[in-house]
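Biologist: Could you pick one part of this model and take me through it closely? I would like to know what surrounds it.

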Amino acid sequence: MDFRISADDRVGAQPKKPSQPKAGSHSKGARIEPVMGKSAGMFAIGERGRSGSGKGPTGGGKPPRRGKASTPRGNNSRKSRSGGFLMGLLWWGFVACLWGGIAVIGVIVYYGAQLPSSNTWAVPDRPPNIRILAADGSLISNRGQTGGEAVTYRELPYYVPAAIIASEDRRFMSHFGVDPIGMASVVLEMVKARGVTRGASTITQQVAKNLFLTPDQTLGRKVQEAILAIWLEQNYTKEEILELYMNRVYFGAGATGIEAAAQTYFGVSARNLSLGQAAMLAGILPAPSAYNPKASPEKAIQRQRLSLNVMAEEGYITAEEATAAQIDPNQSVRTRVAGSESYVADWVESLMTAYIGDIKSDVIVQTTIDYKMQKDAEFIVREQVAAEGSKRGFTQGALVAMDVDGKVRAMVGGVDYQKSQYNRAVTAKRQPGSTFKPFVYMAAMEKGYTPDTLAEDAQFDYNGWSPRNASGKYAGTVTLRQGLAYSINAIAARLAIDVTPQAVIDVATRMGISSELIAVPSIALGTQEVNLLELTSAYAPFANGGMGVIPNVITRIDSKAGDVLYEASDAGPGRVVAPDVLAKMDDMLRTAVEVGTGKRANIGGWEVGGKTGTTQDAKDALFIGFTSAMVTGVWLGNDDATKTTLSGGNVPATIWSQFMTKALAGKQAAPIPGGSYEGQLISQQIIDPTTGQVVIDPNTGQPQVQYVDVASGLPVRTVTDPATDQPVASGAQLVQSGTILAPSGDVLAGGIPTSGWIIDASGQQIDPTTGLPMGQIMTDQGIDPASGFALQPQNAGVGQAPIDPDTGLPMTLVVDLATGQQVWAPSVPAAASQPVQVEKPRTLMDMIFGG
């Protein structure tokens, strides 16, 4: 085997053979300096032979044996080649890193250049929140894009942000926006867990994504996300970044932000979250749609346990606190159920633009809603639908309750808001049925009819229209009071034809119906659609003395800074029903509840008026009723308008009675107020008694007018109210009993008033051209000599006539041959028949049903 010479050995002259050291010439442990030019192998051999005699194989100057000398040189060669490989590997690794870094920088520059200039970057405003409060200040709901108001970091319990940091970004407080170490730990954690445990993006990156970027999962978006995250870290504190995150992150179920999530899932403010609730909300974040407690309670519990354990590991809470806060897997998660107040919140939200325009920032809305009444109404409607719905074939109900001045106190838009957000009290329009009849009767009262006016309950045909009674039976001659109390269709139809459908529409509109109505005779039977809110408010004048109302649910709107943006006014339409007409209507509507179709609506101690309504095939059943304190309307039916076996007098009246009993508890019962003209003025043209013509003012060429106090019927002095620019009584009455005064207050000479005023001995002002009280319109009809009022014509089966007390029959109008005037005379019963007594209201049902 040949001895191989290394390259180093070939350099320079062949070294001389070293002199042999003497034995023992070196002390043990003495340093041996290597000789320049000697190979490592030879240096090693010489060192091993330092204790020998210098002769022989181990100590002499002879060269070592080839076989033994070649081994160390071969090892050195391999080490040299291995070292070269590692150096090369390091070199090329460095080069690769350099080029990789250049590539990364290039990618960052490329995608960063697509972002706007950094001096234009700004955190966008959070969408405004609408905080809706009940009358007592309790929260009804939050509305807006987020569903909750923003809260500050320091308003929250310490464990709320801690739960989010532990769940989403454990190194949040120490990284610079992007966390390479955290990303690596997440990867290892997911490998160990064999599944996704948490996201790799930091909280700051998620804020950047939510604020500035689209949700696309692309390289470019991730690069831009990292750039923006670093910018956020340099311009905002950790608390501010975490606050941005908590107020804008999505928690599922339509809740954006920690406050919305707390209200949606637990019905509490984020300021009052428990440790267990905070951990559950933090656990939702990786997959809000899958982990939220409404969609998957089991997964929500698992995520809660994981969040609590991590919080304990990170030192935010103790292990004992984590265990105590965990929900038993065998228990259900209690989440907040959106109740009927959400219908109110939706309605309020829809009104905001009309009240204050576009909303730029958070607002607080104070409403008229009585929260206890609201929950009572919800419970009663839901219970009655559950108890009676399957038997009578209906699935939905709605209720509106308001004070007599129009302030809405409760509104139920459906049985279950979770299942259906369609508001059947405000949005839905349905036929009102017989609940529309009071407007027909009111038009008749305004024409001069009374509750005791007789009408014929019989089938008839009018231009091809032949209305039928629901029972198919007819009672003959009845009073209008009976006709309304027992909801007789034929009577309402005759009245509508007599007063004209347009007059009915005018009355309904004046009372508060805002839906479009068409002037056709069938309007008398409630065939045209309205919503429950407007129908209920249209009954309010019957309950409050005749004043029109505008249904109102918002009393005040404030900005979060406390600025008043809107405040409700007490102004309204004013008087819409004359006192005498109101008295007649209340009389008839009370009878409808006392003995008529609304008997189930009676409540102890209170005067109650109202009207039932049932549409064709009982598709809709309603009851609208009132006391002196409140007006409430109830509707029951099906969304698809399928037939039921309901009527307005059964389940709707029962719901009304149960609700009003609770709503009026503790209040002092009071009678339904009658109307009053006190303080109201009307203007009249002055008539010249000698000519019967209107007196013309020579200065203006216009008719002269006088103002009359409606309560007394006497003219009064007036002054102009500077606030309203309307005439008001000055306090000086112009007329005294038995005295004739001029407009100036002077007594006219000769007793002839140029103004046309004639005052009888009682102080009643008489129109000299007609002989009637001033304000009474002269017609071509006959005059009742007893009262001096015009008689009403007998049209369409309806007439005005006094009742003969001896026979019980209407008297007949005849001409007195001595005076030439028309007078009432007893009518003659048919031959061989007994006098017919008009039945009292309580026996009319016996007449109709043969009882």
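Modeller: Let's start with a pair of side chains: those of R424 and D639 are joined by a polar contact of 2.8 Å, meaning N or O atoms within 3.5 Å, where within protein one must be able to donate a hydrogen and the other to accept it, and residues adjacent in sequence count only if both atoms are side-chain atoms. Please keep in mind that this is a predicted model, where local features need pLDDT of at least 70 and side-chain atom pairs pLDDT 80 or more, while totals for chains, interfaces and linings use all residues. Numbering runs from 1 along each chain as its sequence is written, and side-chain values use heavy atoms, leaving out hydrogens and water.

R424 sits in the loop that runs between β5 (408–412) and α16 (437–447); helices (H or I, at least four residues) and strands (E, at least two) are DSSP runs numbered from the N terminus. With a relative accessible area of 4%, R424 is buried (under 20%; exposed is over 50% and partly exposed in between, with a 1.4 Å probe and protein chains only). Leaving aside residues up to four places away in sequence, R424 touches Y343, Q396, A398, G413, G414, L532, W635 and D639, contact being heavy atoms within 4.5 Å.

Strand β5 also meets a helix: the buried residues of α23 pack against β5, α15 (371–392), β4 (396–403), β13 (620–626) and β14 (630–637). Ten of the 13 residues of α23 are buried, so this helix is largely enclosed by the rest of the structure. Among those buried residues are I655, W656, F659 and M660.
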